[in-house]
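Dear colleague,

Please find below the structure that I am handing over to you, with the sequence alongside. My notes on what was found in it follow.

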Amino acid sequence: MNITDQIIEGKANLEIFCDTLIDLARKDSTIIAVTSDSRGSSRLIPFAEKYPEQIVEVGIAEQNIVGVAAGLASTGKKVFVSSPGCFLSTRSLEQIKNDVAYSDYPVNLVGISSGVSYGALGTTHHSLHDVAALRAIHNITIVVPADNFETRETIKTAAISNKPFYIRFGKKKMPHLHSGSDTFGIGKASTILEGNDVAIIACGETVFPAVEAAKILYNKGISTRVLSMHTIKPLDNISILKAAKECKAIIVVEEHSINGGLGEACATIILEAGLPVPFKRMGIPEEDTVTGSQMEVFNHYGISASGLCNEAEKLLRKV
Amino acid sequence: MKKYSDSELQQKSILYRLALLKYIKMAGAGHTGGDLSCVDILNVLYNDVLNVSPENFHDKNRDRYIQSKGHAVEILYVVLAERGFFPETDLETIGKYKSPYIGHPTRKVNGIEFNTGALGHGLAISSGIALAGKRDRAPYRVFTLIGDGELAEGSNWEAAMLAAHYKLDNLLAILDHNTLQITGRISEVCSPYPIDEKWKAFGWNVITADGHNILWLRKVLNEATNLKDKPTIIIANTIKGKGVSFMENDTRWHHRVPSDDEYKIAVKELETQLI
Ligand SMILES: Cc1ncc(C[n+]2csc(CCOP(=O)(O)OP(=O)(O)O)c2C)c(N)n1
Ligand SMILES: [Mg+2]
């Protein structure tokens with residue numbers, strides 16, 4: 001997109017997930033959705049009504065959902081498990097590690113309402129640890145798509161891949177960040193905005209505030225590169241190092257704990273390459289997470305246009 | 001599949017036990033007690049029940065065997081080798097650097113469906129396979145072997161509920177009821193009893209059998225999947241360490257490796273049972 005483009009609101013990524021699954025199931029009877037009392041919150045009711053033979057309900061049992069999904073996948077089914085990210089990622093971590101990743105069956109785990117989407121429901125319902133937990137597990141691709149386009153492409157890619165995926169998104173409607181001509185590739189960051197002063201590397205719902213920050217910085221004469229680093233594993237090292245070489249400062253912003261997430265992953269790459277670039281991780285710090293709506297939590301921790309602008313200017317003063 | 005007589009299978013069990021001890025001794029590691037308790041079950045499964053062979057292992061209609069008590073992998077290796085999934089000489093590498101024959105099942109070994117070893121996973125996996133079979137109206141059946149100490153894992157009960165809900169009568173669980181876990185008697189560690197009533201309450205057919213009686217195992221394992229509308233569990237009453245008198249019913253043999261002297265005595269005892 002261009003910095004001056006109007007941003008148009010799209011659908012919730014959840015709806016795109018359901019629409020895409022319906023599209024896929026139309027041509028492929030091996031597509032199976034698996035839910036844990038979560039078909040409503042996954043917006044999968046239209047899918048369930050259209051393809052009742054292709055949805056499996058396991059009840060509120062997240063360990064079971066992953067074990068059962070692995071069994072289904074081992075018979076050749078293309079399985080999409082959909083359940084809140086907070087529960088799906090770690091209540092069943094051992095099943096993900098052994099039954100899916102280590103046993104190498106292509107289960108697609110879709111963590112819905114992730115990050116702090118559940119807002120005031122609190123820490124039990126937040127998933128600020130899912131990426132960290134799964135980053136340490138070999139043989140699972142982690143994708144945090146930002147908009148409808150990235151979500152649709154991710155689901156389509158996961159459906160034909162013979163490897164496990166964890167796909168994570170939130171609840172709310174997402175702005176369109178891509179234009180019609182854009183391409184998408186797992187493991188290849190999407191450049192949302194070009195720029196050379198500061199780079200903001202974001203994923204999922206933090207890409208939009210990064211774009212908003214870029215607009216403000218633009219008016220101050222600062223050019224911002226915004227990367228949607230949708231694939232957290234395998235990471236696009238090339239784009240990260242390119243940003244670290246071509247820009248004067250790097251901010252990584254994520255809807256996740258600053259421990260073990262995208263920020264740390266990027267920092268490692270840059271440090272190991274010996275690039276001395278001013279760098280800041282932004283996300284949810286190591287503390288009892290503030291209460292409030294998703295927006296309020298974002299604003300509190302500076303995951304916002306103004307918060308990101310401040311950090312960018314602070315880093316650039318160091319240059 | 002070759003049809004064996006009961007006495008041929010009984011002899012096979014002794015040969016399996018001899019091979020098992022040989023490779024545990026060679027590897028210097030193994031779950032001796034829990035291997036020995038399920039020798040007869042695996043023997044009957046692989047030689048009389050399962051429609052699975054090296055030739056049809058990639059056929060989508062093959063029967064599936066998922067060993068939930070993955071620690072008893074050495075006996076699975078011995079049986080798979082004898083059934084031709086890989087050369088028996090491979091077993092000389094058990095536990096060695098870069099060998100795929102590690103202390104728990106992995107798919108790197110031909111004939112193995114899932115990487116198990118963390119207890120409490122096999123039943124959910126098996127239920128998923130059985131559910132796919134139901135939806136596809138596929139002819140295969142799914143068998144899983146669970147330890148009795150393993151019943152403490154709550155994930156088993158999540159899967160038990162699901163399997164009954166979906167009427168997975170193509171699923172057969174076998175409980176290796178040897179009454180021991182690592183620390184001692186299952187009744188004393190954290191009792192799972194009454195086991196039969198629990199499974200019945202969860203909506204399963206429950207059959208109790210002598211887990212060392214080849215005749216009975218053949219009958220029960222072959223007939224159980226003809227029962228309709230419910231999954232079945234066979235509570236196989238077994239003896240941990242079965243076949244070597246000084247290993248029987250003794251928690252110390254959960255994962256002990258026989259000394260040179262113990263090994264000689266054990267081999268002698270087993271060999272006297274060969275015809
Ligand atoms: C999740 C998990 N916890 C602990 C262990 C360690 N462990 C291996 S065997 C075993 C005892 C198993 O007892 P039981 O199920 O009765 O098996 P058996 O007597 O047939 O050997 C334990 C605790 C494990 N493998 N997995
Ligand atoms: Mg036991």
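Two elements are said to be in contact here when heavy atoms lie within 4.5 Å of each other. The model is predicted, and every value below is computed from it.

**Chain A: overall form**

The secondary structure of chain A amounts to twelve helices and 14 strands. Its C-alpha atoms occupy a box of roughly 60 × 35 × 35 Å along the principal axes. Of the 319 residues in chain A, 62% are buried. When contacts between residues at least 6 apart in sequence are considered, 78% of them in chain A join residues at least 24 apart.

I32(A) has V79(A), in strand 4 of chain A, as its bridge partner.

**Chain A: the five-stranded sheet**

Chain A also has an open sheet of five strands, ordered 9-11-10-13-14, again with mixed pairing. Strand 9 (190–193) and strand 14 (279–284) of chain A each have a single partner strand, so one side of each is left without a neighbour in the sheet. Neighbouring strands of this sheet are turned by 25° against each other on average, direction ignored.

Strand 10 (residues 198–202) and strand 11 (residues 224–228) of chain A pair in the parallel sense over five bridges. The bridge partner of V198(A) in strand 11 of chain A is T224(A). Helix 9 (residues 237–246) of chain A packs on the sheet, where it touches strand 10, strand 11 and strand 13 (249–257) of chain A. The direction of helix 9 makes about 170° with that of strand 11 of chain A.

**Backbone points to check**

Most residues other than glycine have a negative phi, and most peptide bonds are trans. Which residues in the model depart from this?

- R43(A), with phi near 55°, is placed in the loop between strand 2 and helix 2 (45–50) of chain A. At a relative accessible area of 32%, R43(A) is partly exposed.
- S113(A) has a positive phi of about 50° and lies in the loop between strand 5 and helix 6 (130–135) of chain A. S113(A) is buried, its relative accessible area being 1%.
- K233(A) and P234(A) are joined by a cis peptide bond with omega about -5°. P234(A) is in the loop between strand 12 and helix 9 of chain A.
- From Y193(B) to P194(B) the peptide bond is cis, with omega near -5°. P194(B) is in the loop between helix 7 (186–190) and helix 8 (195–201) of chain B.

**Aromatic contacts, with examples from chain B**

Over all chains, the structure holds 13 aromatic pairs. In one of them, the ring centres of F57(B) and F85(B) are 5.9 Å apart and the planes stand at 90°, so the pair is edge-to-face. F57(B) belongs to the loop between helix 3 (39–49) and strand 1 (64–67) of chain B, and F85(B) to the loop between helix 4 (73–82) and helix 5 (122–135) of chain B, so the pair ties together parts that are 28 residues apart in sequence. F57(B) is buried at 7% relative accessibility, and F85(B) is buried at 5%.

The charged end of R62(B) sits over the ring of F57(B), 5.1 Å from its centre. R62(B) is also in contact with N56(B), as is N51(B). N56(B) lies in the loop between helix 3 and strand 1 of chain B and, at 13% relative accessibility, counts as buried.

Elsewhere in chain B, ring pairs link W157(B), W199(B), F202(B) and W204(B) into a cluster. The charged end of R256(B) sits over the ring of W253(B), 4.4 Å from its centre.

With kind regards

Notes: Residues are numbered from 1 along each chain as its sequence is written. Chains are lettered from A and ligands numbered from 1 in the order in which they are written. This is a predicted model: local features need pLDDT of at least 70, side-chain atom pairs count only at pLDDT 80 or more; totals for chains, interfaces and linings use all residues. Side-chain values use heavy atoms; hydrogens and water are left out. Rings of Phe, Tyr and Trp (its six-membered ring) pair if their centres lie within 6.5 Å; planes under 30 degrees apart count as stacked, over 60 as edge-to-face and the rest as tilted. Helices (H or I, at least four residues) and strands (E, at least two) are DSSP runs, numbered from the N terminus. Buried means under 20% relative accessible area, exposed over 50%, partly exposed in between (1.4 Å probe, protein chains only). A charge sits over a ring if NZ of Lys or CZ of Arg is within 6 Å of the ring centre and within 35 degrees of the ring normal. Two strands pair if DSSP finds at least two bridges between them. Axes are lines fitted to C-alpha atoms, for helices over the stretch in contact, and angles run from 0 to 180 degrees between N-to-C directions. Lists of a residue's contacts leave out its neighbours within four places in sequence.
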